[in-house]
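These are my notebook entries from a first look around a structure that was new to me. I started with the whole and then went to the parts.

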Amino acid sequence: MVRQDIQNIVILTGAGISAESGIATFRTKGAVSYWETTDENGVPILHRVEDVCTPEALARNPALVHRFYDERRAKLATVSPNPAHEALAALDAAWPGELLIVTQNVDDLHERAGAKRLIHMHGELQSALCAACGKAVPWTQALPPGTVCTGCGQPRLRPDIVFFGEMPYQMDVIDEALRRADLFVSIGTSGAVYPAAGFVQTARHAGARTLELNLDPSAGSDYFDETRLGPASLLVPHLVRHLLE
Ligand code: APR
């Protein structure tokens, strides 16, 4: 990778960049995909995607869905950005060209590390969305079902999370950045969930060099010019040092 040829960078991050901060990644066992949380005694609880991350689940059992996101929101107070988040924030601060960090993560570790040029394409734990009027408001506490929206007065506030089957945020901005990118880097994502899994192909077709940093080869590894395997906390600072040299 020749540093001088790069002006515009798009970085996609997934659950793997926050794993070393102590936030569990999404996992698949056979045909079942789930998240793991722990109860107050540290006993693991498995949450199937169908039970907590679809519009149908929210309609069927709002108490369960809201509680799942309340637990994840509360967990944020116990975790901190790791060297990978910090390195990307340093790159964001210093990079003179265009740069966009697109995260699939709903935690706030990129912004806590200081990243500014950031899009949360799958929503944010610390935001609540009114299902009636569409207004989003910052939210740091528990969010019980039936909470009233301050905008329209309807008791319809829900977690501001893009569920499976819903449209990710700011796809137009992301698509334009991908088409202008000279370098596309994917960090800590399994490449299993679209549309993010297709970003590498958009960037590639537009002429970008493509680089994957992941613990294991991902579902989309073949689409990248280069894959580097290892923990994000080592690979990302190494890449950023090279880019800022
Ligand atoms: N460093 C780098 N990569 C890591 C690390 C680490 N320390 N730990 C795990 N990984 C990698 C795993 O090898 C895996 O490929 O991170 C990836 C995590 O994959 P997923 O948990 O599937 O996360 P992600 O790709 O972000 O999921 C995409 O699916 O769960 C839904 O909507 C949710 O945004 C999420 C989307």
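Predicted model: local features only at pLDDT ≥ 70, side-chain atom pairs only at ≥ 80, totals over all residues.

**Surface and overall form**

Next I looked up the inventory, which gives 9 helices and 12 strands. The radius of gyration is 18 Å, close to the 18 Å that the globule rule gives for 245 residues, so I can call the protein as compact as a globular protein of that length. The C-alpha trace spans about 55 × 40 × 30 Å along its principal axes.

I also wanted the share of buried residues, and 47% of the 245 residues fall in that class. Then I checked the contacts between residues at least 6 apart in sequence: 60% of them join residues at least 24 apart.

**The parallel sheet**

In what order do the strands of the parallel sheet come? I read it off as β6-β5-β1-β10-β11-β12, 6 strands in an open sheet. At the edges I find β6 (118-120) and β12 (226-229); each has a single partner strand, so one side of each has no neighbour in the sheet. Neighbouring strands here are turned by 15° against each other on average, with direction ignored.

Strand β1 (residues 9-13) and strand β5 (residues 99-103) run parallel and are joined by 5 bridges. T13 sits opposite T103 of β5.

Helix α7 (residues 171-180) lies across β1, β5, β6 and β10, and runs at about 130° to β5.

**The antiparallel sheet**

I moved on to a sheet of 3 strands, open and antiparallel, in the order β8-β7-β9. Its edge strands are β8 (136-138) and β9 (157-161), each pairing on one side only. I noted an average twist of 45° from one strand to the next.

Strand β7 (residues 123-130) is joined to β9 by 4 bridges, and the two run antiparallel. I traced two of the partners in β9: R158 for L129, and L157 for C130.

Is β9 enclosed or open to the outside? I found 5 of the 5 residues of β9 buried, so the strand is largely enclosed by the rest of the structure. Helix α4 (residues 62-75) lies across β7 and β9, at about 55° to β9.

**Aromatic rings**

My search of the whole structure turned up 3 aromatic pairs. The rings of F68 and Y69 have centres 4.8 Å apart and planes at 75°; planes over 60 degrees apart count as edge-to-face, so this pair is edge-to-face. F68 is buried at 1% relative accessible area, and Y69 also counts as buried, at 1%. Ring pairs link F68, Y69 and F163 into a cluster.

How are the rings of F184 and F224 arranged, stacked or edge-to-face? Their centres are 6.3 Å apart and their planes at 20°, so I put the pair down as stacked. It links distant parts of the chain, with F184 in strand β10 and F224 in the loop between β11 (209-214) and β12, 40 residues apart.

**A closer look at F224**

I stayed with F224 for a last entry. The cut-off for buried is under 20% relative accessible area, and F224 has 11%, so it is buried although it lies in a loop. F184 is buried too.

What does F224 touch beyond its neighbours within four places in sequence? I listed F184, S186, V200, R204, T210, L211 and E212. I also took one C-alpha to C-alpha distance: F224 and H122 are 23 Å apart in space and 102 residues apart in sequence.

Technical notes. Residues numbered from 1 in each chain as written. Heavy atoms only, no water. Pairing = 2+ DSSP bridges. Axes fitted to C-alpha atoms, helices over the stretch in contact; angles between N-to-C directions. Contact = heavy atoms within 4.5 Å. Rg over C-alpha atoms; globule rule 2.2 N^0.38 Å. Buried < 20%, exposed > 50% of the residue type's maximum accessible area, 1.4 Å probe, protein only. Phe/Tyr/Trp six-rings, centres within 6.5 Å; stacked < 30°, edge-to-face > 60°.
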